[in-house]
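Here is a short report on one protein. Look at the sequence and the structure first, then read on.

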Amino acid sequence: MVIAGEGPDRPYLEEYVKRRGITGVRFCTIFDDQRALYYNAADIFLYPELTQPAFGLVGAEALACGVPVIGARHGAIPEVLGEGEIYFAPG
């Protein structure tokens with residue numbers, strides 16, 4: 001599993017993985033010129049957005065690369081992803 005980004009929950013997630021001895025998890029920072037490489041290597045894209053995204057760009061990018069998206073039913077995410085994806089309640 002690759003967990004990408006520099007959000008405020010990253011330190012908590014890193015500690016959670018370490019404390020529980022979970023293996024096979026990689027944390028990384030993805031730069032703009034690398035995004036398509038990561039999307040194309042993915043089997044799924046999990047989009048647990050908890051803020052109020054104006055558009056949901058990363059979900060659209062994943063779909064453009066042919067990656068199925070599982071996203072939070074929050075903000076603009078359902079509008080961007082459409083009816084063909086899987087949603088969950090935020091939180």
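## The aromatic cluster

Tyr39, Phe45 and Tyr47 form one aromatic cluster. The model is predicted: local features need pLDDT of at least 70, side-chain atom pairs count only at pLDDT 80 or more, and totals for chains, interfaces and linings use all residues. Residues are numbered from 1 along each chain as its sequence is written, and side-chain values use heavy atoms, with hydrogens and water left out.

A pair of aromatic rings is described by the distance of the centres and the angle of the planes. Rings of Phe, Tyr and Trp (its six-membered ring) pair if their centres lie within 6.5 Å; planes under 30 degrees apart count as stacked, over 60 as edge-to-face and the rest as tilted. The whole structure holds 3 aromatic pairs. In one of them, the ring centres of tyrosine 39 and phenylalanine 45 are 5.6 Å apart and the planes meet at 70°, so this pair is edge-to-face. In another, phenylalanine 45 and tyrosine 47 have ring centres 6.0 Å apart and planes at 50°, so this pair is tilted.

Phenylalanine 45 has a relative accessible area of 19%. Tyrosine 47 is buried too, at 6%.

## The overall fold

The protein has 4 helices and 5 strands. These are DSSP runs, numbered from the N terminus: helices are H or I with at least four residues, strands are E with at least two. Along the sequence, the pattern reads β-α-β-α-β-α-β-α-β.

The C-alpha atoms fill a box of roughly 35 × 30 × 20 Å along the principal axes. Of the 91 residues, 23% count as buried.

## Salt bridges

A salt bridge is a side-chain nitrogen of Lys or Arg within 4 Å of a carboxyl oxygen of Asp or Glu. The count comes to 5. One joins arginine 10 and glutamate 14, at 2.9 Å from N to O. Both lie in helix H1, 4 residues apart, about one turn of the helix. Arginine 10 is buried, with a relative accessible area of 18%. Glutamate 14 is partly exposed, at 33%. Another salt bridge joins glutamate 15 and arginine 19, at 3.7 Å from N to O. They too are 4 residues apart in helix H1.

Which residue forms a salt bridge with arginine 35? The partner is glutamate 61, with the closest N and O atoms 2.9 Å apart. This pair links distant parts of the chain: arginine 35 is in helix H2 (residues 35–41), glutamate 61 in helix H3, 26 residues apart. Salt bridges that share partners also join Glu6, Arg10 and Glu14 into one network.

## Phenylalanine 55

Phenylalanine 55 sits in the loop between strand S3 (45–47) and helix H3 (57–64). Phenylalanine 55 is partly exposed, with a relative accessible area of 48%. Neighbours within four places in sequence aside, phenylalanine 55 is in contact (heavy atoms within 4.5 Å) with Ala60, Ala76 and Val80. The C-alpha atoms of phenylalanine 55 and arginine 10 are 23 Å apart, and the two residues are separated by 45 residues along the chain.

Technical notes:
Buried means under 20% relative accessible area, exposed over 50%, partly exposed in between (1.4 Å probe, protein chains only).
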